[in-house]
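Here are my notes on the two-chain model you sent over.

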Amino acid sequence: MTAYDLLAAPFVEFAFMRRALVACLALALGCGPVGVLLVLRRMSLMGDALSHAVLPGAAIGFLVAGLSLWAMSAGGLLAGLAVALTAGLVSRATAQREDASFAALYLIALASGVLIVSSGGSTVDLLHVLFGTILAVDDGGLILVASIATVTLLTLALLYRPLVAECFDPGFLRAVGGGGAPVHGVFLTLVVLNLVGGFQALGTLMAVGLMMLPAAAARFWAEQVWTLALVAVVLAAASGWGGLLLSYHFNLPSGPAIVLVAGAAYLASMAAGPVGSLRTRLFPGRHLRA
Amino acid sequence: MGDVIRLHDLTLGYRRHPAVHHISGGFADGSLTAVVGPNGAGKSTLLKAVTGALRPLQGRVTLEGVDRRDIAYLPQQAEIDRSFPIDVLDTVMLGHWRRVGAFGAITAAMRDDARAALAAVGLAGFERRPVGALSAGQFQRVLFARMLLQDARLILLDEPFTAIDARTTADLLALVRRWHAERRTVIAVLHDLEQVRAHFPRTLLLAREPIAWGPTAEALAPANLRRARAMAEHWDDGAPVCDRGAAGAA
């Protein structure tokens, strides 16, 4: 078996593999930078919470319209935004911090989502929603993820300065009258959008994997926000490609395969990356003269 | 010469306990004032109220001819994430925020201003270092450089030299004197009385209530310092509701 057979042939031969690969690349473009900003804003677990929050909306969409991409995506988007908005309001109106209210709300959302799906559909349907069907992505699905990636990159380009300034020094930004709730709200919307994009490919449980793992791994490679985002995109795209190949050659479910490749990339980065990894801690190298 | 900040029977506190109790007075435009007093005297609280970050329990703060957003404020413990992946020049450039906002373009001249500010605090050549690689003193110099760019008429410093080495303190004090010479109003919370006597013409001695407020030599007279210490030792969890100045407020 040649390298070509191993690495490229499945995509050349099968249209469904090509579609899946394009979907992964589009997802990587959106999820990479959003994940980096989530990590920097110390909201890694909030991404996880939001991905679960998408479920009941998608389930209701599924019950209303069956396996309709648009109904499930719209439902997921609404449910995710509702949880994000409620959590934000709870943290502003009460003494509870945003992460705790997020945790409470996403558990409620997840449980009701599972209940809704299982009351109306079969276990197979539930598995579809939970773990996604990237090998069955159709034209509509591709247009959806590509649109989400485009909107995400344009919005991030526009909001880059306030987003970065707000995670670095929120007190300063408040004092000079910048940033604040609107920027935070737009950012959370982007997170939900990307989770919705990832959810139909990877499922609600796995969608956040392509967002967080490359972003967390990037921290071991780069020292500027934009370079971190670039590394995260490359790692996410490579994980999609590698994961699809793994799932093809070994007949594995594609969603978990993609996320596990991203996980392997994270572990390798943590062990051997050039910035703050285990390697640099254990073997710092000989010191310089000045 | 008018006051740029006026305090009107101002009471500040947390959970109804006053940290600053019925203070009235003004900071003159272009004045250089040290705020000193024992721990828990309400010094930081007073600065927070001036920036508008803390709502008064009673009374108010008024600013004359200055917008709150045009105050340069250096908090004692900035909410800054020192591990954040950002370099020194970009950090300093945040000082341009009031001019460029979230979307405005950074011009070459603004970049040069930022480099000049870094040179002024003795950090020329540090432009591209990540802030995480700086010492505490170097980082404080970066924050002063950012304040230089803010070009503010009103500058509030909360313990700017605590845990900072002597050389950095001397350099940054020179900047404070330069601001004073440029007729900017500077208020600094400080602990080192020798430093206050040497560099600050006016002093507010605070121990929840203003003990003395005026020329430094008079404000820091031994009798005043003793009174400040005695005041600070009062703290009563079961204190009754204060009725001073309550007419109309109740």
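1. Ground rules first: a contact here means heavy atoms within 4.5 Å. By that cut-off, residues 24 or more positions apart make up 71% of chain B's contacts with a separation of 6 or more. For chain A the corresponding share is 73%.

2. Bear in mind that this is a predicted model: local features need pLDDT of at least 70, side-chain atom pairs count only at pLDDT 80 or more, and totals for chains, interfaces and linings use all residues. Residues are numbered from 1 along each chain as its sequence is written, chains are lettered from A and ligands numbered from 1 in the order in which they are written, and side-chain values use heavy atoms, with hydrogens and water left out.

3. Chain A has 14 helices and 0 strands, where helices (H or I, at least four residues) and strands (E, at least two) are DSSP runs, numbered from the N terminus. Its radius of gyration is 20 Å, close to the 19 Å from the globule rule for 290 residues, so chain A is as compact as a globular protein of that length. That radius is taken over C-alpha atoms, and the rule is 2.2 Å times the number of residues to the power 0.38. The C-alpha trace spans about 65 × 60 × 30 Å along its principal axes.

4. What about the surfaces? Chain A exposes about 13,200 Å², with carbon and sulfur atoms supplying 71% of it; for chain B the area is about 11,700 Å² and the share is 50%. These areas come from the Shrake-Rupley method with a 1.4 Å probe, and for residues only the protein chains shown count as cover.

5. Now the inside. A nonpolar core is a set of buried Ala, Val, Leu, Ile, Met, Phe, Trp, Tyr and Cys residues joined through side-chain atoms within 4.5 Å, buried being under 20% relative accessible area (1.4 Å probe, protein chains only). The largest one has 130 residues, and F144(B) and L157(B) have the most contacts inside it. Helix α3 (residues 15-40) of chain A gives the most to this core, 14 residues.

6. Which residues does F144(B) touch, leaving aside neighbours within four places in sequence? Among them are L74(B), V121(B), L157(B), F161(B) and W179(B).

Terms used: Buried < 20%, exposed > 50% of the residue type's maximum accessible area, 1.4 Å probe, protein only.
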